[in-house]
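Okay everyone, thanks for coming. Have a look at the screen and I'll talk you through a few spots.

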Amino acid sequence: MSDSTMRQRTPNPAIPGTRRDRTGSTLLLRKALVAINERWKRLTTDVLAAFDRIPVYALNDTGPQVAYGITPAILDIVLLEIAAALDRWVQNGKEPKELFWWNPFVEQASQLGALQSVTNLTNLSEAYAASRSFDQVVRSEPYLTRVALARMKSYEHWTGLRAEGQSRLAGIIGRAVADGLNPKAARTLIVEGLGVTRSKAAQYAQTDITDTLRQARWAESEAAQVQFGLKIGMLWTSALLPTTRATHATRNGRVYSTDEVRAFYGRDGNRYNCHCGQTECLLDASGSPILTSKLQQAMDKERENWVFKL
C-alpha cells in the first residue's frame, strides 16, 4: 500500500477530552479533589479537637494573650492525637485495616490511560484490533507491575506530606503555646497550616493522575510497536491554558517518540501541574505522522494562536 493510500484510509487518532482536558481525566480528578477536601475537613476537625485539649487560662478578661496549662503529659496526648489524625486522613485509610486510600485513583488513572490507548490503536490498526483487547492489557504482567510501582511512588509522597504536615502543626501549636496566643487566633493559624498541606495534596493529585495515565499510554504504544511491528509516534496535545508553560504549548500538534516524551517529563519539573496529553498516531515509512491535513492545520493554528496571545 502506498503512503498516499495509507493517508487516505487511516483515520486520525482519537484525541480524548476537550482542549482544556487533553488527557480526558477531568472527572477522575474532580472525584479525587472531592475525596481530598472531605479528608482534610475531617482532619481539621480532629486536629482542632486535639488542640482544644490544652487547658487555657486568661490573663485578663480582655487581653489578647493567655496562659496555657501545658504539661509534658498533655503535650504527649495532643501530639499523639494529631499524629493519629494525620495517619488516618493523609497516609492511610480511615481504619488501620483498610488499604491505602489513594490506590483506587492510581488504578483508575492507569486503566483510563490503557483504555484510551486500546481504543485509539484499535481504530488505527486492523492487526492490533484483531489481537489485542483492554482486558488483555490490564491483566498483563507488565501492566500490573507498573500499577504496583505507581502505588509505591504515591504512598511515598503521601507519607512525606503527612510528615511535613505534622512538623508544620507542631511548630504552629508550639509557638502559640509559648507566646500565649489567643486560642481563636491559634486555631486560625492551625486551619491555615492545614490549608497549605491540602493545596499540596490537590496539586499532587493532578500531577499523579495525569502522569499515571500518560505512562500507561506510552507503555501500550511501545507494546504495540514490539508485538505488531507498528510504527507509532505520540501526537502532543497541549491544553493551552493561561497557565500553560511555553515549552509545553509550543509542542502542540507535533509528534515525538516515547523516549523523547519521557525525557521531556524527566527534566525541569515538566511533569508537575501539566495538563498536556499524548495520543498514538501511525507513522509512514519515512517516519512522518499519518494525519489528515485538516487535523494538522487545526493543531498548528491552536499553537500559533496561543503564542500570539503571549
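So, is Leu75 buried, partly exposed or exposed? Leu75 is partly exposed, at a relative accessible area of 37%; buried would be under 20%, exposed over 50%, with a 1.4 Å probe and protein chains only.

Quick housekeeping. This is a predicted model, where local features need pLDDT of at least 70 and side-chain atom pairs count only at pLDDT 80 or more, while totals for chains, interfaces and linings use all residues. Residues are numbered from 1 along each chain as its sequence is written, and side-chain values use heavy atoms, leaving out hydrogens and water.

Back to Leu75, which sits in helix H3, residues 72-91 (helices are DSSP runs of H or I, at least four residues, and strands are E runs of at least two, numbered from the N terminus).

Now the sheet. Three strands make an open, antiparallel sheet, ordered E4-E3-E5; pairing takes at least two DSSP bridges. E4 (255-256) and E5 (277-282) are the edges with a single partner strand each, so one side of each has no neighbour in the sheet. E3, residues 232-237, pairs with E4 over two bridges, and Met234 stands opposite Tyr256 in E4. Helix H10, residues 258-265, packs on this sheet and touches E3, E4 and E5, contact being heavy atoms within 4.5 Å.

Asp268 isn't a glycine, yet its phi is positive, about 55°. Asn273 also has a positive phi, near 55°. Asp268 is exposed at 68% relative accessibility, and Asn273 is partly exposed at 43%.

Key: Axes fitted to C-alpha atoms, helices over the stretch in contact; angles between N-to-C directions.
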